[in-house]
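Me: Please go through the fold, the aromatic pairs and the backbone of the following model with me.

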Amino acid sequence: MSNTRNNEIIGHMGESTVMNRRSYVQKISFMTFGGVLTLNNQPSFAKEPVTKESMAKAFADVRFELEDPTGGIQRLAQAIDEKDWENIKEFTKFYDLEFRKAKMVKARKMFPDSDMRGESLQLCNNVTFDLIGINRASRVEDSESAYKYLEELKTDVTKFLEYESKVVIE
């Protein structure tokens, strides 16, 4: 395009249109660049200190799921008793997140001893596999396998709860 043609285009659109476009591009570039700089400037929050009370609460939450009649493991046992396979399939899909991650892992992360955290990690992983086993058994409506995995789930959670007496918080 020749300079004459460019001048005609500029003349046709007007000088203010070209400046507005240029200004617009500059503003967008600045806003994008500024946004990138502030993208990771989220405030960091200090980790809550572990107290005897917070540890007791974390273990009480896990124990509730195992022992209370309205706890998840008891509800799961009742669903297996009633052969409510659809409910079991749905329940086990989300219970790993609700129970293992939200309660067991929360308690495990409070352990002051890294060896204990490592040992208890295996129990947390076992809970996942127990729930997978119950889910698979429910798909083929296999009560025997569902009860087998339910007992393993109870055993793993009981072993996890034994860590409460081993944890020393000063």
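**Fold, rings and backbone**

Among contacts (heavy atoms within 4.5 Å) in the protein chain between residues at least 6 apart in sequence, 68% join residues at least 24 apart. This is a predicted model, in which local features need pLDDT of at least 70 and side-chain atom pairs count only at pLDDT 80 or more, while totals for chains, interfaces and linings use all residues. Residues are numbered from 1 along each chain as its sequence is written, and side-chain values use heavy atoms, with hydrogens and water left out.

Me: How many helices and strands does the protein chain have?

Reply: Helices (H or I, at least four residues) and strands (E, at least two) are DSSP runs, numbered from the N terminus. Along the sequence the pattern reads α-α-α-α-α-α-α-α. The count is 8 helices and 0 strands.

Me: Why is the pair of Tyr95 and Phe99 classed as it is?

Reply: Rings of Phe, Tyr and Trp (its six-membered ring) pair if their centres lie within 6.5 Å; planes under 30 degrees apart count as stacked, over 60 as edge-to-face and the rest as tilted. This rule gives 7 aromatic pairs. The ring centres of Tyr95 and Phe99 are 5.2 Å apart and their planes are at 10°, so the pair is stacked.

Me: Where do Tyr95 and Phe99 lie?

Reply: Buried means under 20% relative accessible area, exposed over 50%, and partly exposed in between (1.4 Å probe, protein chains only). Tyr95 is buried at 3%, and Phe99 is buried at 0%. The two residues are 4 apart, about one turn of the helix, and both lie in helix H5 (residues 85–109).

Me: How many residues apart in sequence are the parts that Phe111 and Tyr163 tie together?

Reply: Phe111 and Tyr163 form a stacked pair, 5.6 Å centre to centre with 25° between the planes. Phe111 lies in the loop between H5 and helix H6 (114–139) and Tyr163 in helix H8 (residues 163–166), so the pair ties together parts that are 52 residues apart in sequence.

Me: Which residues form one aromatic cluster?

Reply: Phe111 is buried at 1% relative accessible area, and Tyr163 is buried at 7%. Both belong to the cluster formed by Phe59, Phe111, Phe160 and Tyr163.

Me: Which charged end sits over the ring of Tyr163?

Reply: A charge sits over a ring if NZ of Lys or CZ of Arg is within 6 Å of the ring centre and within 35 degrees of the ring normal. For Tyr163, the charged end lies 4.7 Å from the ring centre and belongs to Lys166.

Me: What is the relative direction of H6 and H7?

Reply: Axes are lines fitted to C-alpha atoms, for helices over the stretch in contact, and angles run from 0 to 180 degrees between N-to-C directions. H6 and helix H7 (residues 143–161) pack at about 160°, with axes 8 Å apart. Angles under 35 degrees count as roughly parallel, over 145 as roughly antiparallel, 65 to 115 as roughly perpendicular and the rest as oblique. H6 and H7 are therefore roughly antiparallel.

Me: What is the relative accessible area of Lys83?

Reply: Most residues other than glycine have a negative phi. Lys83, in the loop between helix H4 (72–81) and H5, has a positive phi near 55°. Lys83 is partly exposed, with a relative accessible area of 46%.

Me: Where is Glu141, and is Glu141 buried or exposed?

Reply: Glu141 also has a positive phi, of about 55°, although it is not a glycine. Its place is in the loop between H6 and H7. At 53% relative accessibility, Glu141 counts as exposed.
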